[in-house]
Amino acid sequence: MNSGSVFATVLIGINVVTLVFMAPLNSLILAHPYEPVCISCLFTAYGFGILVVGFSLFLVHWWADEKVALLVQKILSIVALVSFLHLIQITMIPSSSNTLYVIGCVVALAPAVIGFLRGKKKTVILVHQFFFVLFLYEALNFGRIILQAHELEANMESTHKRVEQVALSGNGHHVFWIIFDEFSLVQSLEGDEFDVSVVPNLAKFSETSTWYPHARTLYSKTSQAVSALLLAKKDVLHFSHHFIDNFDSQNYLSFMAQNMEVFILGYYLPYCHAFQQVAERCRIYLDKGFTDYGHLARHVWHRSVPGELRNTKIGRKLRSLILPQSDQLALQGRPITRALSMGQSFDHPTFTYIHEGLPHYPFQFASNGDVRQIVYDGGPSKDLSHDELEELQKFYREQLTYVDSLFGEFVDQLKAKELYAQSYIVVMSDHGTSFDPQKPGRVLEHEHVARVPFLIKSPGQTHGVVNRRFIDTSEFFGVLLNKMERVKHQSQLPPK
């Protein structure tokens, strides 16, 4: 057994594991700089993968002849090269160009791969040298990402408290601001009214609230749409720019915190970091989070496999084998169902901001909350046929019904705690989605994307009002403050 050959093969094997595993993780850290990551999961999965590959290669070299060992080296080299191209794909190639990129790589590499497999041992030396340099880079990069992930995990686990405590009035009202993700108003309507067969609880809520049926979002991307909501501005870049890099404490949540306790919860990751000086308490629900291997595997699958392959019959079958149904059951615990368990005493005014991650794809929940076997791993796109878009739309509307049941459960909780009558309850969305074959997905010009729910119930309101003026979601705080002023003025009037 040639020790140099074993070393070269193990080195290539380590590169295979590192590239396959690090590509999606690296893109994750770069794309979401405040993503909490389970450090023990990373070390365990990475270390176990290297041990398995290394031991397997050792056995190959121990029992097989040199010709077989050389073939194994070549195959692993090709796998590592493909993994390296994957890393480039998911960190640098726009999603719209993924298919062309894959085709181009196949056409360009096919002759080289065939020639490499037919080559003699000397032709492998250059590949070994390349992978050795790549390994040194990966080792340094992996250490950097682990340190960064550890710091982020520590930040997310900390409980944030406001620096300055303020005196609170004991007779004020409460605000519950609910932001659903990817909730298209048009999909919940039957004509000009809410479709009671799809969203019965929201339809009932509209009978005692003010509804703006012509409300529109300004952005189709969550980070921008949420920034516009929180800043009450139309010209925003992205969440990190306004709330992380250039945080201005003179925002509306800081204003609310002057006389209300602010509680923030949801699934959008930068919240706790951004509002640590504002929120009395902040919780981020990541379904099961990056603290279990099932979620980590789902992320690797989603980031590493192009959508065109994921949505093929073979891709769906592989997904069902790799990501079993049981891993999805943990998704049923939702932020909106936990909104009243943030430690609020409700003895004084509170402002609770709730960002619910549904009905965003994957559209996996049936109307009754059962988790279906996911048929489509992504949202509507031009890669889907007309029939597939229709089926996906059906799944989306079923998930809307499930979301509506969660909202109904939340309302019931408010009533059970005798908070409903004395609260401002706001229902909104960051953006919608379209299943139009001509403009599928998040084309902002499409009314299915732009038109979003915007309903607000004031304390004591018992009759529904339909305000047909055109309004965008960045005007929320202005609407809320006007209603607060009106309610305050009415409470000061002498009784008739």
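Contacts between residues 24 or more positions apart make up 76% of the chain's contacts with a separation of 6 or more. The model is predicted. Its mean pLDDT is 78, and 70% of the residues reach 70 or more. The chain holds 16 helices and 14 strands. Of its 496 residues, 52% are buried.

**Confidence**

- Over residues 153-170, pLDDT stays under 50. The model still has 41 contacts beyond four places in sequence for this stretch.

**Sheet**

- Eight strands form an open sheet with mixed pairing. Their order is β7-β6-β8-β1-β9-β12-β4-β13.
- The edges are β7 (281-284) and β13 (465-466), and each of these strands pairs on one side only.
- Strand β1 (residues 174-181) pairs with strand β9 (residues 423-429). The pairing is parallel and runs over seven bridges.
- Ile179 has Met428 in β9 as its bridge partner.
- In general, the strands of a sheet pair through backbone hydrogen bonds, in either a parallel or an antiparallel sense.

**Around Thr217**

- Thr217 lies in the loop between β5 (215-216) and α7 (222-231).
- Its relative accessible area is 6%, so Thr217 is buried.
- Beyond its neighbours within four places in sequence, Thr217 contacts Ala225, Asp430, His431, Leu444, Val449, Ala450, Val452 and Thr473.
- Thr217 and Glu447 are 230 residues apart along the chain. Their C-alpha atoms are separated by 10.0 Å.

**Salt bridges**

- The whole structure has seven salt bridges.
- Arg334 and Glu356 meet through their side chains at 2.8 Å, N to O. This pair links distant parts of the chain, with its residues 22 apart. Arg334 sits in the loop between α13 (313-322) and β8 (350-359), and Glu356 in strand β8. Both Arg334 and Glu356 are buried.
- Lys394 forms a salt bridge with Glu398, with the closest N and O atoms 2.8 Å apart. About one helical turn separates Lys394 and Glu398, because they are four residues apart in helix α14 (residues 386-416). Lys394 has 47% relative accessibility and so counts as partly exposed. Glu398 has 17% and therefore counts as buried.
- Arg451 and Glu447 form a salt bridge at 3.9 Å, N to O. The cut-off is within 4 Å, so this pair qualifies. Arg451 is buried because its relative accessible area is 15%. Glu447 is partly exposed because its relative accessible area is 39%.

**Surface**

- The chain exposes about 23,500 Å². Carbon and sulfur atoms supply 60% of that area.
- Phe55, Phe58, Trp62 and Trp63 make a nonpolar surface patch of about 550 Å².
- Trp63, one of the patch residues, is in helix α2 (residues 39-63). With 67% relative accessibility, Trp63 counts as exposed. Exposed means over 50%, which is why that value places Trp63 in this class.

Technical notes. Residues numbered from 1 in each chain as written. Predicted model: local features only at pLDDT ≥ 70, side-chain atom pairs only at ≥ 80, totals over all residues. Heavy atoms only, no water. Patch = residues over 30% accessible without salt bridge, like charges linked within 9 Å, V, L, I, M, F, W, Y side chains within 5 Å. Areas by Shrake-Rupley, 256 points an atom, 1.4 Å probe, with all protein chains shown as cover. Helix = DSSP H or I, 4+ residues; strand = E, 2+ residues; numbered from the N terminus. Buried < 20%, exposed > 50% of the residue type's maximum accessible area, 1.4 Å probe, protein only. pLDDT = per-residue confidence, 0-100. Contact = heavy atoms within 4.5 Å. Pairing = 2+ DSSP bridges.
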